[in-house]
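The sequence and structure come before the details.

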Amino acid sequence: MENLDVIVVGAGIGGLTAAVALLRIGCRVRVVDQARELRPMGAGISLWSNGVKVLDALGLGADVADVGGRMERMGYLDDRGDTLCEFSMAPLVERVGEYPYPVRRSDLQALLLRAVGPDRVSTGRRCTAIDDTGDHVVVHLEHGEHSEQLEGDLAIAADGTHSRLRTHVLGREVPRTYLGYHNWNGLVPDEAALGAPTSWTTCVAEGKRVSTMPVREGQYFFFDVPFTEPTPSGRDPREALHEHFAGWGPPVQRLIEAIDPAGVANLAIHSHDPIDRFARGRVALLGDAAHTAAPDLGQGGCMAMEDALVLSNFLATTNLGVEDALTRYSDERVPRAADIMRRASERAAVTHAIDPEATAAWYAELAREDGTNILAGIGKSIVTGPCR
């Protein structure tokens, strides 16, 4: 199908990747977002090889390689800073056929915006509803005190984990579930890395995690701390993290001291049960609107990118109409997303001592690990996707 008018609601990583993919198959694309200014949510993203392969397919592989971090090794430390295991990531690259590129979200967003073209993106537009007439869609928007309508052949709801449009597709609300921990994340100079600047290094103990991984000109860091209930905090991040990681070794203390408090995000981590369809009529869900997973597999952004490529492929190759293409997209993506969501939640429970015995066993396994099992787990998430 050619010359389709597509309206993408949401200008995050998933929505922008969808726009790039649809432009490449000859669609006319308009992207709308409720934010007045597009600012990336979070400092960095773990762009694993499956996400990179989507960008390769869209002609952007060289661009992301230019701005991505060079992640050559991986290691785990205990809370004292002593090494539990450390190994090369080369076997994973050889298995899947592409490098991972951890990246600043701002760099990835800028790359995608350039590919879409800023004239196709409108900000300050809040989508309030979508009408599906059977032969086209009408997207209702609020712009300040004004309202407007956009008509197209289909709409893509890429409006994030708090999606207002998910109910249109499912006919019901989808409650989010708190997963038992908070995450702090941001960017620091290479000098603050927990290990070598080209290594993804993680300290683990007490159901907590501290991690650094390379991005362009620095390190993306995150701290995970279990809490029984979501606990909003307006405290200075360094003060809070010094308290939560009191007694941890010098690498963690140096990292905390290197943090710029103004650039730190603090999030209570949520997910939801997998949903049974990603499309209804001429409206499709994409990215976190369809599958908000725990970040413990690092697959959130990659899954949104996969969605975009699969959706565009079905629209390009299916000649039975828009609804048929979206149904095929949904049928392919639902089981893939459900598997990643399940595995991510299971990993979150182990990583954050939701099951203390399982966490203690994992720590013991790390001390015996040579990389084989860890890389096999990461590889499973990659090779079961559409870009094998």
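## Charges over rings

Lys208 places its charged end over the ring of Phe245, 5.4 Å from the ring centre. Arg347 lies over the face of Trp362, also with 5.4 Å to the ring centre. A charge sits over a ring if NZ of Lys or CZ of Arg is within 6 Å of the ring centre and within 35 degrees of the ring normal.

This is a predicted model: local features need pLDDT of at least 70, side-chain atom pairs count only at pLDDT 80 or more, and totals for chains, interfaces and linings use all residues. Residues are numbered from 1 along each chain as its sequence is written, and side-chain values use heavy atoms, with hydrogens and water left out.

## Aromatic pairs

The whole structure holds ten aromatic pairs. Rings of Phe, Tyr and Trp (its six-membered ring) pair if their centres lie within 6.5 Å; planes under 30 degrees apart count as stacked, over 60 as edge-to-face and the rest as tilted. Phe278 and Tyr329 are tilted because their planes meet at 55°, with ring centres 6.3 Å apart.

Trp362 and Tyr363 form another tilted pair, 5.6 Å centre to centre and 35° between the planes. Trp362 and Tyr363 are buried.

## Aromatic cluster

One aromatic cluster is made up of Phe221, Phe223, Phe245 and Trp248.

Conventions:
Buried means under 20% relative accessible area, exposed over 50%, partly exposed in between (1.4 Å probe, protein chains only).
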